[in-house]
Amino acid sequence: MTGTSWLRGLAQRAGTTTIIFIVALVAVAAAAAGPIYYSAARTSILRDTIATQPVSGRGYEVNETGSLATLLGQLPPTQQQRLNTALGGLARDKLFGPPVYSLEGSLPLPLYESTIPLVYRSAVCPHLRINGRCPTASGQVVVSQSTAKLTGWHVGQQLHFPGEMPLTVTGIYQVPNPNADYWFGNDPGSASQSSNANKDKSPLQNLYTARSTITNGPATFQGTALVDVVLNVDRVTGGQVNQLKAAMTAFSQDPALADAQILVNTAIPATLSSVTSGWTSLAIPILLITLQLLALCLLLLFLAVTDAVEGRGAEIALAKLRGRGSWATAVFGLSEPIILLALALPTGVLAGWGATAILSHLLLRAGTPVDLAGLAWGAAVAATLGGLAAAALAAQRTLRRPVLEEWRRSGLRITSRGWVADAVLATFSLAGLLELYISGQVSSAKPGTLILLVPGLLGLTVAVIASRLLPVGCRAAYGRTGRGGSLGTFLAIRHVARRPSGVRAVMVLVTAIGLTTFAVSAWSVGDQNQQRVAATEVGAPTVLTVSAPSGQDLGTVVAHADPSGHQAAAVESYTSTSSSNAGLTVLAVDPRQFADVATWTSRPGQPSLKDLATQLAPSAPAPIVLNGSAFRISLQAEKVNPAGASLSADVTTGSSPVSLGAVPAKGTVTLTGQLVGCPCVLQDLDLGPPTSQLGSPVSGTITITGMQEYRGGHWVTAGPQQALTSARYWRPGHQDDPPDSIQPGSGGLSWSFNSRNFQDAILTSVNRPYPLPAVVSSALVSPGQTQATGAGLDGTALGLKVIARAVAVPGAPANGVIVDRRYAELAAGQNSTPTTVQQVWLAGPAQHAIEGRLEAAGVSVLSSSTTDQLAATFARQGPALSSVLFLADAAAATLLAAGAAILDLYLSARRRRYEYAALSASGVPFRTLRRAVRTELALLLGFGTVIGVIIGAVAALVTLRSVPEFLTAPPAAVVSYVPPVLPLVVMLVVAVAVLTIAAAAASSTLIRGVSLDQLRETPT
Amino acid sequence: MSATVESEPVVHCDGLVQVYGTLGQEVTALRGIDLTVTAGDTVALLGPSGAGKSTLLWLLAGLLKPTAGRVVVCGRRVNDLNSRSAAALRLHDVGVVLQNPGRNLLANETATGNVMFAQRPAHPGRAASRRRTAELLDAVGLARVAHRRAGRLSGGEQQRLAVAVALANRPRLLLADEPTSQLDRGSATAVLDLIRAANQDQGTSVVMVTHDPVVGNSLSRTVTIRDGRVGAEGQAGQDYLVVSRDGSVQLPTEVLETTLPPGTLVQAVPTPDGVSLHRANLEGDERA
């Protein structure tokens, strides 16, 4: 047989050739794409993880303490040499960015009884906004704006420090972006955590100077040299992780550095360890998904080669007749599939690489390299060998068939042997399902990757059974179609019942459509849940972390920036670190605005956040705000024991408590105290025993007749006029026995008290609801619980009245508490902890406009997070990436299966052209023949599609709860496992449209090819 | 091609029995065939449909193994051949031409390619192979269509090509199953001429199944198979009944229908050169 005859044979059997080549190509591409995609996804996850770490998690800092004059000459080369030793071959990959060198010392400042850090930091000036010029020469410094304000230092001034050379101020600096990697997570205003200069924390901020200022200084000038280095995220790849982790661990524990008193701080190993969990969530799904597509492709290949070799049965018999041996006959029979597989290997690898590159470009982190790894070639070769095995298996029946048997065959039949193979297939599938069920993969709600096998196994099981039931059903319809009705239907029913190609087509189609239905469901549910979880975790479309201008209320600024009142909400967020409620996040919000912008998830029947807004902020007496420089209180004492008890006022800011003076046992008195740092709010009046009787209980009655503050040169009434005439404004500070009595009257506010030992009598100013109404994460309180203890913005315990249990508090789904911001600030005494974060929550549309207005109002935007960003991050994590791969693979499988099924049916029908020609010769119109073919195709494809969709939907409903969607499980109430209908409908419409068009084209082509001349040929 | 030994028969069948078993039913196709074909013989197998002619041909081609009896082809006992040695037998010593012209050929292959396909395993030398192919195609009158695909040749051309293919390896025995039945008279004559030429030029023995008495008479011997037995043989224009090893003789149909209908009692009366049959007349003997 000549070389060109192979080509002629391939061309002659173009349909079969095409389908075998495409199936082989997809099989090889799928096999190659798995490792390529995994490699790229690993790098994407790695880079995403590294990029979201604090700088210490993606860099290292080396420090050494000693004489600053010489440190910087030794430390950089030493650390670099040790790092290179640890990195080994990775040192060539330039994984780290340029180092930043620092020298940090401190200068005494006797005037302020403090010190001030003097810092050299390489290339610092581009990271400062300097009013003046950069210090470039020895003895020049720049001073922070706050230090300049505090000290009055100015540009051009010469500063003198005891024992040090004079320093000239060349500029006043601000730090535009203190979160930049350049600062390595340190406060640019103060010396680093590891620096000696930090040991006696100075209120004065760093003086930045030129290197020569320090290195030319006296050898006795002690301090710390630092080298800060950050990983170059875009150079790290997945394949380097293990080596890098080991190298950084070794570097951080390098005994040579330790001996030299050089310390290495890095969290890179911890970061890299966290990466591998993301990889694990990807590796097994990709393997399973790839194997499922590969298995389907090999099954299709088996069927296509079976058909191709069967189609060449006469030629193979001829080869045997001409004396070709078994091996030569096998080579002859399989030559075409072998050629096609050989062609499919390189083209499939390239196709897989190309498809993965496109998929990676759409899904993965920008700039992620998509390399054609050796493993991809290995997998492709394995797939090709699998294809060869499938082809050999498919051909062996024909190749072994005796010549005479081949000549006597009158067509394929659904044989009992086929039943056995199907039964074995179904048994294996059922066994797999049973194993998954027993191992808890199906029954457990805990996500597991093996669950991804269920749709394939279930689909295959049902496909085998359904494909066998269809012919049985058709045979049952023999009688009905035989008694009357359409001849087309009569023919179609019999062909479906008798021809094995129909069984094969249905089997393949059910499996592929089932997989796709499941994949669409899994992807759409995953996408929906990613959006939901992202919206809940971020809390609003956009959340800005800001710093309000000093002395300004953030809520007021936000109100000006958003006149509509519906697009932005001021929020103060505090996450508790105390042992009693660690991790609890308090969101102090402006309820009405918050309700408009926050993402609220509620169960049916639960109130909306708008409904809750009014309950969060019930009316309360106005606070007693003090603006003056002094506060006085007039009172009448009655039976106060002990006499001379000390009265003080607790205020929210400034010097608190404000000591007012001693209260006599009996009589009228006006007591005065100085106010410092107000405006402030009066929190309470505290009556304690005199110093000589500390620990004694205090009892008696005092009637407060007036409260005044000194403001504008006059004494004016402090607080609301009704403060002393209404009991609403006061409550006892303690629950004493007998309880305190508070009685307003025309003569003033009468307060009777009887405190316990070691407790003062306290009259608390009521300016907020008590306990504070709160919406609490349902995980924190049990159903029916009405009161709870949370944390205030000042970090202390705060009594809460639970007005609603939220399935997910926006911004802190499982551990959040929402309270009114105004009341929370009052409860904290306007003394929020430094870790309280100011935020502005924004609705989507007005984000940029409001952000601009906020910045114009002096609000510094420190960072922002958006729902879309977080959803995109989720979409780049292992579970989502595997879900998309599943969808892409399943879609490819369905297209492949549909094409193969239609072609298989077409070829099967084409072999019946002789029969159709005979029917035509006997007077059957072409339209009836066309109807017969179309009915047959519709019956097979429709049946396969319907059963496939049902199976896919059932698999989705049963297993989606266990399909991993996130690296860490979100609150159950936020997510939903009911597949959205629209994607399924779209998929079904597309599938039906494609099948219908292809079937119509195939049937028309087929019938057009029927001619009476074919009756001259031998029936095949 | 194996060396031909004048005294050695190319085909020797000895009590050949072939039984097909299908779905529990047994069909006896051949019931003790004795047949010898000497080198250079051309034998036509005649007989009604279902008589076993084609079965006998497949047995001679090594495509079947006899149920009983012995068949030796070109010195090799077919009973003992496995599929590999049977293939080797067909490759080197036996050429086969089938009834359906299309079935003899690779439709996608050219005429040259078809000959070379049959030839190549036996004649690895490419130049020699091409030369031989060209000779064969020239001999069968297909040189001008040597590069045309077999599927595009006419039926007569296809069957002539089939003969060329069958003769590609200079077989000692050519088996042909009704090679002219689907051809017009002219094409049939051409094919028969080719077969006779191969017989005369190369000494190839021929066993041909045919229904056509004209075709049969054009060969040196006719062997008529009836009901799985050799019923008659004809040589040089004379037909003879063949006495089987159980002593039975198959009478010609016309005798059965007229003189000795089935069930007739006869007497065998020896004569100097044989025996004569007399219908028994229980009331008085009567010569048949």
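**Conventions.** I number residues from 1 along each chain as its sequence is written, with chains lettered from A and ligands numbered from 1 in the order in which they are written. Because the model is predicted, local features need pLDDT of at least 70 and side-chain atom pairs count only at pLDDT 80 or more, while totals for chains, interfaces and linings use all residues.

**Cores.** I looked up the nonpolar cores, that is, sets of buried Ala, Val, Leu, Ile, Met, Phe, Trp, Tyr and Cys residues joined through C-beta atoms within 7 Å. A residue is buried if 20 or more other C-beta atoms lie within 10 Å of its own, exposed if 12 or fewer, and partly exposed in between, with C-beta atoms placed from the backbone. The largest core has 298 residues, and A:Val23, A:Ala27 and A:Val28 are among those with the most contacts inside it. Helix α2 of chain A, residues 14–51, gives the largest share of this core, 23 residues; helices (H or I, at least four residues) and strands (E, at least two) are DSSP runs numbered from the N terminus. I then noted a second, separate core of 83 residues, which includes B:Val165 and B:Met208.

**Sheet of chain A.** I traced an open sheet of nine strands with mixed pairing, in the order β27-β28-β26-β29-β13-β12-β30-β11-β31; two strands pair if DSSP finds at least two bridges between them. Strands β27 and β31 (860–866) stand at the edges, each with a single partner strand, so one side of each is left without a neighbour in the sheet. Within the sheet I found β13 (residues 585–589) and β29 (residues 816–820) paired in the parallel sense over five bridges, with A:Ala588 opposite A:Val819.

**Hairpin.** Strands β27 (residues 787–791) and β28 (residues 797–806) of chain A pair in the antiparallel sense over five bridges, and A:Gly790 has A:Leu798 as its bridge partner. Five residues lie between the strands of this hairpin, where A:Gly795 takes a positive phi near 85°.

**Contact of the chains.** I counted two residues as in contact if their C-beta atoms, placed from the backbone, lie within 7 Å. On this basis 20 residues of chain B are in contact with 20 residues of chain A. Helix α2 of chain B gives the most to the side of chain B that touches chain A, with six residues.
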